[in-house]
Every structure is written in C-alpha cells, then in structure tokens.
Amino acid sequence: MRFPRSFLLVSLVVLTWSADSQPFNYDESKVPKYKLPDPLLMESGESVKTVAQWRTQRRPELLELFKTHVYGRDPGRPKDMTFFTLEQRHGVLNGLANRRQVEVRFAGRRDGPRMTILIYTPAKAKGPVPTFLGLNFRGNHTIHDDAAILLPHSWVRGRTPGETVNNRATEKGRGKAKNRWAVEMILKRGYGLAIIYYGDIDPDFDDGFKNGVHALYPKPKPDGWGSIATWAWGLSRALDYLETNKTVDHRRVAVIGHSRLGKTALWAGANDERFALVISNNSGCGGAALSRRAFGETVKRINTSFPHWFCDNFTKYNDNESACPVDQHLLVALSAPRPVYIASATQDRWADPHGEFLAAKYAAPVYSLLGAGNFPADKQPPPDQPVVGAMGYHLRTGKHDVTDYDWARYLDFADQHLGK
Ligand code: GCU
C-alpha cells in the first residue's frame, strides 16, 4: 500500500505525543496490584520439581502459551531455502577483519524474498569464533563506514512504503548507526559479528502481512506470527546459515537486539535453543518489561501503535494484562539455563527499567532449578553497577540507546559464558 508522506508525519507526531503524555503511568506508587504467574507452577496446578518436568512439560507449555497469546506461530525452516555468497574479502577494516556478505533466499530464488547477512570475523582467528548475531533498523550499511557494505534491497525506514529504494538517498545512511555497533571492539575481543537489516525479513509497517517473507505464506491466523515473530524467525534462518559457515562457531552464537529488536532477540532465544546466549537491550513492553505493571508503554498502546508486531490474540489483553496466562518474566525463563542479559537505561522510562529488572528476578527460580545458580540481586542495582551470574542486568545512565558501555558489559558476559 502507498502511504502519503503527510500520513507518515502525522503518525510520527501522534506517536511522539503519546509517548510523552498521560495517561501513561510513570509513578511507581500508581503501579496496579498484580499477581504474576509462577514459572514453576503448571497449568494443571502441579509444581515443577525436576529438571525433566521443566524440559518436557513446563517449558513446552509456556512456549505454546506465548505462541498462542503473544507472538504467534511461525512456519519453521522453508524447505527450498538456499544461501549464496555475494561478496567476501580478507583483511578489511585495516587488517582487523574478514568480511562476507551472504544472501539467504527463502524460497531458493533470487527474485523471491531474501535477506543479506553481513559477517565480520577477526582476521587473526585461528578457528571458528563465538559470534554476536543481531538485526539492525536501517540497513547493514548504517553500522559501519565500510564502503563495501551492500545497500539494502528492501524498503528502508524514512521512505514511503512501496517506493523503490533510491540508492543515492540510502547511501547517505552509511555509517549513521555506527555508535550502536562497536564493530572494532567486538573484533578485537575475538568475536565475530553477523547482522541483518530487519526490513529484509519483514518491512516494519502494517500492510496486512503481504510483503517481506509473508509473500510466501497465507495471511496469519489470530495466533499466527506477527512481525516480531517473523524477525525472530529470520534470526533462526541466519543461524541455519551460520551452521554451514566455518569461520563462525555456531554453538556459540549470542543473539542480541535493541528495543523492538530486543523483544525480537528474547523471542528468538526462547524459541530456538540453538542460541547460546541472549541479550535484550532496552526491550521494554513486549520484551523484558512486565506487562502487568503497565508502567510507561502498555499492551494496549503497543497493540494500537504497532498492530502488526504481535499476534491478533494479544489484543485481548489491552487494558486487561492480568487475564493473559503469561507475563514477560516467563519469556526470560524460556532461555534458561542459557545465559541471558537484560539491560535498561535510566532515562528510558517508556520501557519500564524496573519492570525489566523484575522480569530477570522472577525468572531466576527457573535458573536455580536448572542448576545455573541464583540471580545475585534482590533489588534493582543503582545505575552503572552490573549484576552478573547466569543472568546479567544493568541500568545504564542515559537514554534509550546501545552504547559502548553496553557492549563492554556484553563482551565481559560473553567471555564469562562462551569463553574465547
Ligand atoms: C517505540 C515502541 C517501543 C519500541 C521502540 C523501538 O518506542 O513504543 O515498544 O521498543 O519504539 O523499537 O525503538
């Protein structure tokens, strides 16, 4: 569908206005009383006492509940999918890295839906390296000044949906998001980085699920995949490719995302146990933040502003969060016992930093049951004082963003859990 530019501008103003004004609650004393579902209490009323009960009963039950009520079901790996290397070069970024750009053709055809993975690995590496895998908001070329990064073939934000991507305008974005991707720091610490433009998988606007990979599938049912589940599915397809790549250690892939893509990383990690480590940066509502707190962004607001993100069933919980059989601590628990890191920022009140912390805290009993240790914090730590065990958490001073401070914490966490 074509949207006039004026429509997009008005939507932006409305969204900005709603993020800053009432009726959204930013007052801790006005958080409603709520009771969270117990991660270790099954729907049948039986308590989970053993690792086997978690693995064979409670975990699958929770996954089903999230699929049915929150994110929706995805169709799994497409049988015709193929991988094609578009470009590769050794000793780029002043000799620091090897670069490879690979196209994943979801239907096995160049003229069908496809995504491009940009992969940097340390040039010095002697064998397969642990790697961070994540999605970006505006094209792979925005994450670094590297002139060889291919421009996205899909629709990019800032352009009218349906309009062909104008390469000269798109080129202006090169390197614009480099502050969010500490490429050199990651490589110097011995890790690889694999990234994909999320719009290659599903352009982020509500078109009734016609574009991106949705072109290959029937329109989703009320429990069918929304865009977050679609992006997460794309991350799993990237991991399918990484399993074939000898420079990356596919058993040590950390999935990472910021904001809506942090929600996506958490769902990808919950759904696909091949991800060895999960990082949620400022993911907020529908990510790490507890929905029942209704602090900052609410379920109703997110379903209204972004009707395509979740499955349609999720709208049943607009202004009715406690009726939902799950809350977001259970999403975090689905990564257990794999290491998970949740990061908040002091000024990111829309994302409810305290609610993000509490999701980690209330997921902790599952980590303990599975023998991964206790979460080392009962209260939210002060700014810039990370707490780290099998789960990590920090509240960074500053705004909604991903900074070098965040990356330094994630790298330390990865050193601790994935080794070198
Ligand atoms: C909006 C939205 C958030 C989301 C964020 C982002 O602010 O309300 O839920 O996390 O966009 O992805 O940047």
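Author: R59 lies in helix α2, which runs over residues 51-71. A note before going further: this is a predicted model. R59 has a relative accessibility of 4%, so it counts as buried. The cut-off for buried is under 20% relative accessible area. What does the side chain of R59 meet there? A polar atom of that side chain lies 3.0 Å from the backbone oxygen of L334.

Follow the chain on from L334. A336 and P337 are joined by a cis peptide bond, with omega at about 0°. P337 is in the loop between α9 (328-333) and β8. Strand β8 covers residues 340-345 and holds Y341.

The structure holds 26 aromatic pairs. A pair of aromatic rings is described by the distance of the centres and the angle of the planes. Take F106 and W233 as an example. Their ring centres are 5.1 Å apart and their planes meet at 35°, so this pair is tilted. The tilted class lies between the stacked limit, under 30 degrees, and the edge-to-face limit, over 60. F106 sits in the loop between β2 (97-105) and β3 (114-122), while W233 sits in helix α6 (residues 227-242), so the pair ties together parts that are 127 residues apart in sequence. F106 is buried, at a relative accessible area of 1%. W233 is buried too, with a relative accessible area of 1%.

Now back to Y341. Its ring centre is 5.2 Å from that of Y410, and the planes are at 80°, so the pair is edge-to-face. Y410 belongs to helix α11 (residues 404-418) and Y341 to strand β8, so this contact ties together parts that are 69 residues apart in sequence. Are the two tyrosines buried or exposed? Both Y341 and Y410 are buried. They also belong to one aromatic cluster, whose members are F132, W181, Y191, Y341, W407, Y410 and F413.

Charges meet rings as well. The charged end of R409 sits over the ring of Y405, 4.5 Å from the ring centre. R105 lies over the face of F84, at 4.3 Å from the centre of the ring. G108 is found in the loop between β2 and β3. G108 has 32% relative accessibility, so it counts as partly exposed.

G234 has 0% relative accessibility, so it counts as buried. From C-alpha to C-alpha, G234 is 8.9 Å from I196, and the two are 38 residues apart in sequence.

Next, the ligand. Which residues surround it? They are S259, R260, K263, E297, I302, F306, W309, W350 and H400. By class, this shell has 4 nonpolar, 2 polar and 3 charged residues. For E297, an N or O atom of the side chain is 2.5 Å from an oxygen atom of the ligand. For S259, the corresponding distance to a ligand oxygen is 2.7 Å. For W350, a polar side-chain atom lies 2.9 Å from an oxygen atom of the ligand. On its own the ligand has 320 Å² of accessible area, and the protein covers 81% of it.

Some loops remain. N94 is in the loop between β1 (82-92) and β2. N94 is not a glycine, yet its phi is positive, at about 55°. N94 has a relative accessible area of 86%, so it is exposed. N282 is in the loop between β7 (277-281) and α8 (299-305). N282 also has a positive phi, about 50°, although it is not a glycine. Its relative accessibility is 1%, so N282 counts as buried.

Last, K30. Its place is in the loop between α1 (5-20) and α2. Helix α2 is where R59 lies. K30 has 58% relative accessibility, so it counts as exposed. K30 and K79 are 49 residues apart along the chain, and their C-alpha atoms are separated by 50 Å.

Key:
Residues are numbered from 1 along each chain as its sequence is written. This is a predicted model: local features need pLDDT of at least 70, side-chain atom pairs count only at pLDDT 80 or more; totals for chains, interfaces and linings use all residues. Side-chain values use heavy atoms; hydrogens and water are left out. A residue is near a molecule or strand if one of its heavy atoms lies within 4 Å of it. A polar contact is a pair of N or O atoms within 3.5 Å; within protein, one must be able to donate a hydrogen and the other to accept it, and residues adjacent in sequence count only if both atoms are side-chain atoms. Accessible areas come from the Shrake-Rupley method with a 1.4 Å probe; for residues, only the protein chains shown count as cover. Ala, Val, Leu, Ile, Met, Phe, Trp, Tyr, Cys and Pro count as nonpolar, Asp, Glu, Lys and Arg as charged, and the others, Gly among them, as polar. Rings of Phe, Tyr and Trp (its six-membered ring) pair if their centres lie within 6.5 Å; planes under 30 degrees apart count as stacked, over 60 as edge-to-face and the rest as tilted. Helices (H or I, at least four residues) and strands (E, at least two) are DSSP runs, numbered from the N terminus. Buried means under 20% relative accessible area, exposed over 50%, partly exposed in between (1.4 Å probe, protein chains only). A charge sits over a ring if NZ of Lys or CZ of Arg is within 6 Å of the ring centre and within 35 degrees of the ring normal.
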